Amino acid sequence: YEHGTIELDADNPQYNSDMHILLSGGGGSPLDRWGMYSNQQNYDEIFLSLDHYDYSIVDVNIDDKSYTARTFSLGHPEKELDNELVDFWYSKPDQPKPDKPIALDPAFVNDTIVFQGSEFSGIDSLMTTQIQLTTTPGDFSNPTIDKTRDKMNVYGDSGAPDFIPVDLNEGVDITKLEIPSSAFPSSTYGWRIRYRDNNLKWSEWSDENVFVVTNTDERTVGNNSLKVVPNPFNRNTTIFFELAKDETVSLAIYNSGNKEVDVILKNKKLKAGKHSFKWEPKQDKPGVYICRLVTEETNVSSKIIYTTK
């Protein structure tokens, strides 16, 4: 049994969402078991593989052209299952796509650069992320890194006697990608992220986050060094940034769901040089927030942690 997805052409006027692909082996012929062949491969487009006899039931709603589907397993000769539910999926054409995420500022951690997207936000739940990096900011036609990952990647099992399916992505935060810093020579880069929900609809791409890597591993973001001090904080904090030239600037605070909660600057013309602005949450609850600085040339974000202590 194999279940995966194929990404369709979003520019096609008939496009509504991506497509499920399914191989269902319920007829009773001999199974391909784990380890039986040396050329077994974990294909990128497949997120669930089981060496089980199974069958699927699909319920279709003609009125809104939606459906739900369930797969039940009978197990295999070494471990029989009693019609156990092993898979569930659906399609809701009228359901909105996920909210647009934010590409947070990359961070140096030991010998890696960490790329982190904002928390998933939308009616459904997170299934897939796609992260792209480019050495030519503004142009992602030929990204140097293009990584797509599903929240689940079941491939293989624990072997006798329990034969428990193994999820290779269990515990993996697919909104985060760590890459060795040695892969980034001193230069200017751009990165972005998007999310697909379990209804197979993609969010819009995040705004590009442009950052600079130097030989000393000191990161700056474009011409605007964005810092928040203190962070974490419990009463108020100060946001610092520097402009290389006179620019029109917007500065706002968003919650973890990418919803605007406070506007500090709105299309304000600022002189070149260093600037600082205090932020004191009013009715906002403690938690994770995102500070977003938008200028005429860059769009950068930084995570803020508001605590009660």
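User: In which sense do E7 and strand E8 pair, and over how many bridges?
Analyst: This is a predicted model. In it, E7 pairs with strand E8, residues 112–116, in the antiparallel sense, over 3 bridges.

User: Which residue is the bridge partner of Val109 in E8?
Analyst: Thr112 is the partner of Val109.

User: What is the order of the strands in the open sheet?
Analyst: The order is E7-E8-E13, so 3 strands form the open sheet, with antiparallel pairing. Strand E7 (107–109) and strand E13 (176–180) are at the edges. Each of these has a single partner strand, so one side of each lacks a neighbour in the sheet.

User: What does the twist average from one strand to the next?
Analyst: The average is 30°.

User: Changing topic: how many bridges join strand E4 to strand E5?
Analyst: There are 9 bridges between strand E4 (residues 53–61) and strand E5 (residues 66–76), and the two run antiparallel. One of the pairs is Asn61 with Ser66 in E5.

User: What lies between E4 and E5 in the hairpin?
Analyst: There are 4 residues between them. Lys65, in the turn, has a positive phi of about 60°.

User: And through how many residues does a hairpin join E5 to E6?
Analyst: That hairpin goes through 2 residues. E5 and strand E6 (residues 79–91) run antiparallel and are joined by 9 bridges.

User: Which residue in E6 does His76 stand opposite?
Analyst: His76 is opposite Lys79.

Methods. Residues are numbered from 1 along each chain as its sequence is written. This is a predicted model: local features need pLDDT of at least 70, side-chain atom pairs count only at pLDDT 80 or more; totals for chains, interfaces and linings use all residues. Side-chain values use heavy atoms; hydrogens and water are left out. Two strands pair if DSSP finds at least two bridges between them. Axes are lines fitted to C-alpha atoms, for helices over the stretch in contact, and angles run from 0 to 180 degrees between N-to-C directions.
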